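Open the viewer and get your selection tool ready. We will walk from stop to stop, with a note at each one on what to pick and what to look for.

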Amino acid sequence: MTRKNFLSLALSLAVTVITGASLVAFAPAPTAIGSAAPSFTLTDLDGKSHSLADFKGKTVVLEWTNPNCPFVVAHYKSNNMQSLQKKYTDKGVVWLAVNSTNDQSGEFMSVADLKKNRTEWKSAYTAQLIDADGKVGRLYNAKTTPHMFIVDKDGKLVYQGGIDDAAGTSGGKDAKVNYVAQALDAVLAGKEVPTATTKSYGCSVKYATK
Amino acid sequence: MHLRVHCFRWLALMLLMLTAAPVSAQLFQGKPLVTPSLITNASDASKPFTVGVRFKIAPEWHLYWKNAGDAGLPIEVKWQLPEGFTASGIQYPTPHKIVQAGIVAFGYENEVVLLATITPPKDFNASGKVSIKADLNWLVCQESCIPGNGAAELTFGNLSAAQRLENKNLIEKYTSQLPQPLSRLSLKSRVGTKATAERTDVEISLEGDDAVKVSDFFPETFEKFLINHIDIKTSEGKITFPLTPKDKTSELTSLQGLLILGEKGYEFSVPVTAKGDGAPAGNTGGGLIAQDFNVQDEAERLSLAWVLVLAFAGGLLLNVMPCVLPVLSLKVMSFVQQSAKGKDVNQRLSLLFAAGVVASFWALAAVAVLLQSAGSQIGWGFQFQSPIFVLVMTAVIFVFGLNLVGVFEFGTPAVSGEVSATLSRNDNLGAFMNGVLATTLATPCTAPFLGTALGFAFSQPAWVIFAVFTAAALGLAVPYVVLSWNPAWLKFIPKPGLWMVRFKQLMGFLLFATAVWLLTVIGSQLGAEGVVWTVAFLLALSVAAWLIGQYADFTAPRGRKVAVYVIALLIAAGSYYWMFERQLRWREVGVVASTASAIEEGGIPWKPFTLASLEQDVADGKTVFIDFTADWCFTCKVTEKTVLETQTVRNKIKELGIVAVRADWTNRNDEITALLKKFGRSGVPLYVVFPAGKPTEPIILPEVITTGLLIDAFQKASPKNAASVQ
């Protein structure tokens, strides 16, 4: 190998490494607004499998949930969550509640219990998906219950954060802005979401410890 | 099975949310989970007082800090105060980091006391009961979370002494867990940011001795960014974490949080000038103490030789400072006694005296080095901040005084008489111990140059501290040695005779006067109650001394002597135990507020020192004058009476609108210690003027000041002149 060849090889190697590194460094976080929402396939309470890809062309809401969390309880006891679910599923939105509680947790509920809870609360989501190993939760970086994500009809993430601006257990009564309703109204009207990122609030998601 | 458990849990939970009764505990499965209460260490509401919101938390559950972390909710406190009362912001003790499956919480386990200062209205009338109420909201989590709420109330006058003591201890405990100012650390910081549309990478670079000890960073809540708290990485003085902007307008303008060193938190608050192009933006952090001063007077760097000369001169001057006078009188007595003996005896004794001074200075230096290496900040005269030390000094001085006025005779080698006997002896040990006593009494009054020299020394390696202390010791001892080696100069002192007995008795009264001065120090440390018990203790000591004097003289049989000494000792020890351990419980109570900040009618409207209010005043562009003082510093008190509280100075302060701040160092105060150190001092007095609008160019006045000097400095620092002075 001549010296010139060696130099150009080294140079191209360096360029590749630097480009690669900067690509990695500047790769958007998985939850970045405007980027493609990570795909997943999960099973619901009735044993039916759902993939995000199945809902292409529809707006999808992901609601991280845990019926043993008082924040979740508050939003269901006030009927706040169900009325949102009802209002927007009626408009063609797919509403998926995702439960990432691990099966070692004291708050873990069996499918049978979750079904009873669904009846008791008159939940109006499209489906509740079981993510006991927390893989999808980690993929979306869901931290709290509730933690809300909205994916538009092109599969892009357009909202992530809290359900509203009232961090607490008022179940929406103290809220001035319901971010999810605001974002869904904008998306359905083909407009840009005014507030696309907020800090979610609630209990921690009861992930499995690795 | 699962269902039944969960339904029950559910029911319990709903019941909890509905029935959280005021002042009572939040219950979970029949056991108290969170028990809130309000506590205070004040006996009435006439002055601003501290209120603690105390939460007792069941084991393994936790409440949240003001930034709860990734999940959870901060504790919410809503005050219900009587008309005209105001509450400060809540102060949060340093929280713990609780990580569960990668989700981070900042919170408190077992117990926490949040602190606030409540200020009564100016025209507050103490008649009638004052009660303070707080509505509380919290979220308590273990693995599960349960919200709680309740009201806690505190009514003055309803507390037993035992409860007050417990409250006092609790408030002290949690005050000590509050985050400290960053200036307490030897640290410089730089914040660099690298921002793209999707993320902002933050890097805090720390430099200085404490940089590698920083183990974590607990940020406050970000308004415009999201953070995964688990992504905060700390290693080798570098803290890094990525932030996700909430929207396109998100810009990191400042960074607030706590730097964590072990269990302790330090307030970190730095403005950030973000650069989107990836170039790191630098900034040094911290408040007033952390910033660099461009001090207007004294030279900042002093060579070691010059410092040693200053230390020597300072030691020399200690001989004539007001609070060393009793010791001088003691020494004068020694001169008188020794002039009757041979020259070689004088020379030997004088060298032993010098050795005593040097040895005790070395002991001080050793302690200083130890404390310095332990990271504790101390100052010249720090011994006088300990009530135990002051009490021991008072007792020793008092007993010695009794001895001098003739209540009992020394010379009998016995336990209780040993200290005073030793001090008055003219033999080797007596001379040596005289040197020790002279040192002990000299420390509270820092002579002008000694302050600079020691301030310099504290930031130096151990050997320099020893060198400086040695120089100061030699300065203190040298007049004595010189006089002893040139006994010709001793001829000015009259020949021994009956007058000596009277002179000795007179010295006894001088020592009583010293004891009175020490009582004022005790008063400022332990309050009026402390003074009363100290005087009662002195009374018991005098009875013990009298017993010895009357029944255990030279002619007494050995058995009787032993019995008398045992009785005397029992009286002294018993009265100490009963008065201080049972009645005053002084070591538990700790420190009572000092009197030095009391406002005199028509005098300068002194503002008590807090770093926060000082920083506020300086930042507001006001001219600020700070008097660093302490009750035990006689020089300070004299200057205050003769220079500061004069009509001329009072008028000038009023005319120029100067904010007068009294930094009272009677009791240990770390903020004041840090500021003193900042000015290169380790003791009081110190007088500093911050010129209006020029917070980085404070004027430092000499330790001995005159009215003229002070007025000149005020003029120079006043708003219209400060602008033109460079």
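Start with the disulfides: counted over all chains, this predicted model has 2 disulfides. A disulfide is a covalent bond between the sulfur atoms of two cysteines.

Select A:Cys69 and A:Cys203, which are joined by a disulfide with an S to S distance of 2.1 Å. A:Cys69 sits in the loop between E3 and helix H2 (70-77) of chain A, while A:Cys203 belongs to strand E9 (residues 203-204), so this pair ties together parts that are 134 residues apart in sequence. The torsion about their S-S bond is about 90°, so the disulfide is right-handed. Both A:Cys69 and A:Cys203 are buried.

Now hop to chain B and pick B:Cys141 and B:Cys145, where the S to S distance of the disulfide is 2.2 Å. Its torsion is about 110°, so this disulfide is right-handed. B:Cys141 has 1% relative accessibility and counts as buried; B:Cys145, at 2%, is buried too.

Back in chain A, select strand E7 (residues 147-151), where 5 of 5 residues are buried. A:His147, A:Phe149 and A:Val151 lie on one side, with A:Met148 and A:Ile150 on the other.

Which strands pair with E7(A)? Strand E3 (residues 60-64) runs antiparallel to E7(A), joined by 5 bridges, and strand E8 (residues 157-161) is also antiparallel, with 4 bridges. Then follow the hairpin from E7(A) to E8(A) and stop at A:Gly155 in the turn, which has a positive phi of about 80°.

Last, select residues 1-29 of chain A, where pLDDT stays under 50.

Technical notes:
Residues numbered from 1 in each chain as written. Chains lettered and ligands numbered in written order. Predicted model: local features only at pLDDT ≥ 70, side-chain atom pairs only at ≥ 80, totals over all residues. Heavy atoms only, no water. Buried < 20%, exposed > 50% of the residue type's maximum accessible area, 1.4 Å probe, protein only. Helix = DSSP H or I, 4+ residues; strand = E, 2+ residues; numbered from the N terminus. Pairing = 2+ DSSP bridges. pLDDT = per-residue confidence, 0-100. Contact = heavy atoms within 4.5 Å. Disulfide = S-S within 2.5 Å.
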